[in-house]
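Colleague: I am new to reading models like this. Could you take me through some features, one at a time?

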Amino acid sequence: IRDLLERAVRRLRLLCASLLRRSYPRLTQPPLNLETDDLLDGVAPGTVAPQLCAELITLFDLASCDLTVGAISVTRTTGMSPVETVDVAHGPLVVRCGLGSPLASHERATLEALVAALGSGFDRVRLADDAAAHRLEAELDRSRAGFLTAMTHDLRTPLATIKAAIG
């Protein structure tokens, strides 16, 4: 089943790439990586964010791109003055795009869908980090409880022996 799903994902990515090239004549080269795979593979969001800004600028012919995720803030500009500014947000991700030229409605919808997917990726990374921190805290609590149980047992045995000898 896993192989079948991986083949389906590869075919879907190829289809999406060909549709992107047909839909965006301004696009001279395919985007390098607008996927959330890097985030899910453990690459730090601070490393991924600048690349995402550059990819969005390339894909949508933006004059500028400001990307904010929690404490991470990245700004990229091309030197062009923006015609219009569009803010798109999803979960922890906020993207402010300075448009080099007006976007068609399908381009704006695509931008919103990409930001939604990227926002979900950043959110999943945050949730995975939170889950790891909670697992570590739970393990620490179990270790602490085990230590206290062992110490209590080790102290009770000599005390019982002393009480029996005295009394």
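Modeller: Start with two cysteines. The sulfur of Cys65 lies 3.3 Å from the closest cysteine sulfur, in Cys53, which is too far for a bond. A disulfide is a pair of cysteine sulfur atoms within 2.5 Å. The structure holds zero disulfides, and Cys53 is in none.

Colleague: What should I know about the source of these values?

Modeller: This is a predicted model, where local features need pLDDT of at least 70 and side-chain atom pairs count only at pLDDT 80 or more, while totals for chains, interfaces and linings use all residues. Residues are numbered from 1 along each chain as its sequence is written, and side-chain values use heavy atoms, with hydrogens and water left out.

Colleague: Is Cys65 buried or exposed?

Modeller: Buried means under 20% relative accessible area, exposed means over 50%, and partly exposed is in between (1.4 Å probe, protein chains only). Cys65 has 0% relative accessibility, so Cys65 counts as buried. Cys53 is also at 0% and counts as buried.

Colleague: How do strand 1 and strand 2 pair?

Modeller: Helices (H or I, at least four residues) and strands (E, at least two) are DSSP runs, numbered from the N terminus. Two strands pair if DSSP finds at least two bridges between them. Strand 1 and strand 2 (residues 72–77) pair in the antiparallel sense, over six bridges. Ser64 has Thr77 in strand 2 as its bridge partner. Their hairpin has two residues between the strands, and Gly70 takes a positive phi near 60° there.

Colleague: Where is Asp61 found?

Modeller: Asp61 is in the loop between helix 3 (45–60) and strand 1 (62–69). Its phi is near 55°, a positive value in a residue other than glycine. Asp61 counts as partly exposed because its relative accessibility is 30%.

Colleague: How do helix 3 and helix 4 cross?

Modeller: Axes are lines fitted to C-alpha atoms, for helices over the stretch in contact, and angles run from 0 to 180 degrees between N-to-C directions. Angles under 35 degrees count as roughly parallel, over 145 as roughly antiparallel, 65 to 115 as roughly perpendicular and the rest as oblique. The axes of helix 3 and helix 4 (residues 105–166) come within 12 Å and cross at roughly 175°. The two helices are therefore roughly antiparallel.

Colleague: Which residues is Leu111 in contact with, leaving aside neighbours within four places in sequence?

Modeller: Contact means heavy atoms within 4.5 Å. Leu111 is in contact with Leu56, Phe60, Val88, Cys97 and Leu103. Leu111 and Phe60 are 51 residues apart in sequence, yet 8.0 Å apart in space, C-alpha to C-alpha.
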